[in-house]
Amino acid sequence: MSTITTTTPPRSAPSGLALRAGARVLLRQHRAALQIAGALALAGIVVLVGFALRAAQVADTFAADPCSAANVGLECSQPVRNYLDSMSQFSTVLGYGGLALIVLPGLIAAFVAGPMIAREFESGTYRVSWTQSVSPAHWLVAKLAVPAVVLLAGVSVLTAVYAWSRSQSSTEYPVNWYERPVFGALGTMPVAYALLGLALGALTGLLIHRTVPAMAVAVLATGAVAVTLTTVRSALWPLRTAINTASAGNGVDADSWVLGTGRITADGSRLPMETCWQRPHAEEVRCLADHHVTGFWVDHHPASHFWPLQLVETGIVLVLAAAAVALAFRVLRRRHA
């Protein structure tokens, strides 16, 4: 009598165990990159905090001095120069710090697309994970979840430190909230763009199984989204219009983001600011009267629009990131069912 033997396919590990195993492997594979990133982040925090504390100390010392920034007499020339030099240096450091946070999503996208995902397909090492009771879906979840947690924690800390450092800046060298390096380094946007870089990097790595091309495309895609949204940022929330008769800036706060100004007529028509310029005073007055000019208009975003602009752009970025993640899983299922 013959004996019939049957074999059963290997069972997949439970989801929790698979994810924990994938997370451990990922951290072990890229621990050098994590250590370098942590060291750079710590160095940036030290530099920002150091310059902020120094600027605050210089400002307090100068406030107790009888000299002022407006008094540049001989007896005050050196204290004023020291104060302004310190504030200028601090403003420059804040500008570079904001620029670093804006560039960070592109670096994240490049790393995820290349060393983290595309290199595994290029070398074939992904098969080792997939044949050890880890499904392709669990493999990708681990690739996304671990960096997402690290980015949420790390970028949040960097953003908080940057916001605190900016609060120490002076009015002589203001770091305005609407400047591109500053706006992109404050609020919720740094975290949102970091997650977008992660998502686009994963999608690009799954589409392009070559390390260097995947890195290049991921950086370009992330940069294209950032540049596009930066270009249309002022239109993400309705502008306010100030109309006045004294001057173009009257009635608008000093910290407002001014986007357009010109002359306005009695019937509400808008004219360019250059209307009737470069004429003798009498001719200018007559020209303005002929055009029925009654004052000035100023389109601007007041400082109170900071959070509406931030949240709208953050929402758009998160939607794009979610779409990229969904598309990445779809690509994974179609190519590696």
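**View 1. Salt bridge between D299 and R270.** D299 and R270 form a salt bridge whose closest N and O atoms are 2.9 Å apart; the term denotes a side-chain nitrogen of Lys or Arg within 4 Å of a carboxyl oxygen of Asp or Glu. Because D299 belongs to strand β4 (residues 293-301) and R270 to strand β3 (residues 270-272), the pair ties together parts that are 29 residues apart in sequence. Strands (E, at least two residues) and helices (H or I, at least four) are DSSP runs, numbered from the N terminus. D299 counts as buried at 12% relative accessibility, whereas R270 is partly exposed at 42%. Here buried means under 20% relative accessible area, exposed over 50%, and partly exposed in between, with a 1.4 Å probe and protein chains only. The model is predicted: local features need pLDDT of at least 70, side-chain atom pairs count only at pLDDT 80 or more, and totals for chains, interfaces and linings use all residues. Residues are numbered from 1 along each chain as its sequence is written, and side-chain values use heavy atoms, with hydrogens and water left out.

**View 2. Salt bridge between K143 and E120.** The closest N and O atoms of K143 and E120 are 2.5 Å apart in this salt bridge. The pair links distant parts of the chain, with K143 in helix α5 (residues 136-166) and E120 in helix α3 (residues 77-123), 23 residues apart. K143 is buried at 4% relative accessibility, and E120 is buried with a relative accessible area of 6%.

**View 3. Salt bridge between E122 and R210.** A salt bridge joins E122 to R210, with 3.4 Å between the closest N and O atoms. Since E122 lies in helix α3 and R210 in the loop between α7 (189-207) and α8 (211-231), the pair ties together parts that are 88 residues apart in sequence. E122 is partly exposed at 38% relative accessibility, while R210 is exposed, its relative accessible area being 51%. In total, the structure holds five salt bridges.

**View 4. Packing of α5 against α7.** The two helices pack at an angle of about 155 degrees, and their axes are 9 Å apart. Axes are lines fitted to C-alpha atoms, for helices over the stretch in contact, and angles run from 0 to 180 degrees between N-to-C directions. α5 and α7 are therefore roughly antiparallel to each other, a label for angles over 145 degrees. Contact means heavy atoms within 4.5 Å. The contact of α5 with α7 divides into 15 nonpolar residues, two polar and one charged. Ala, Val, Leu, Ile, Met, Phe, Trp, Tyr, Cys and Pro count as nonpolar, Asp, Glu, Lys and Arg as charged, and the others, Gly among them, as polar.

**View 5. Surroundings of T222.** T222 lies in helix α8 and is buried, with a relative accessible area of 2%. Not counting residues up to four places away in sequence, T222 touches P105, G106, A109, G197 and L200.

**View 6. The whole protein as context.** The protein has ten helices and four strands, which run α-α-α-α-α-α-α-α-β-β-β-α-β-α from the N terminus on. Of its 337 residues, 39% count as buried. Among contacts with a separation of 6 or more, 80% are accounted for by residues 24 or more positions apart.

Conventions: Angles under 35 degrees count as roughly parallel, over 145 as roughly antiparallel, 65 to 115 as roughly perpendicular and the rest as oblique.
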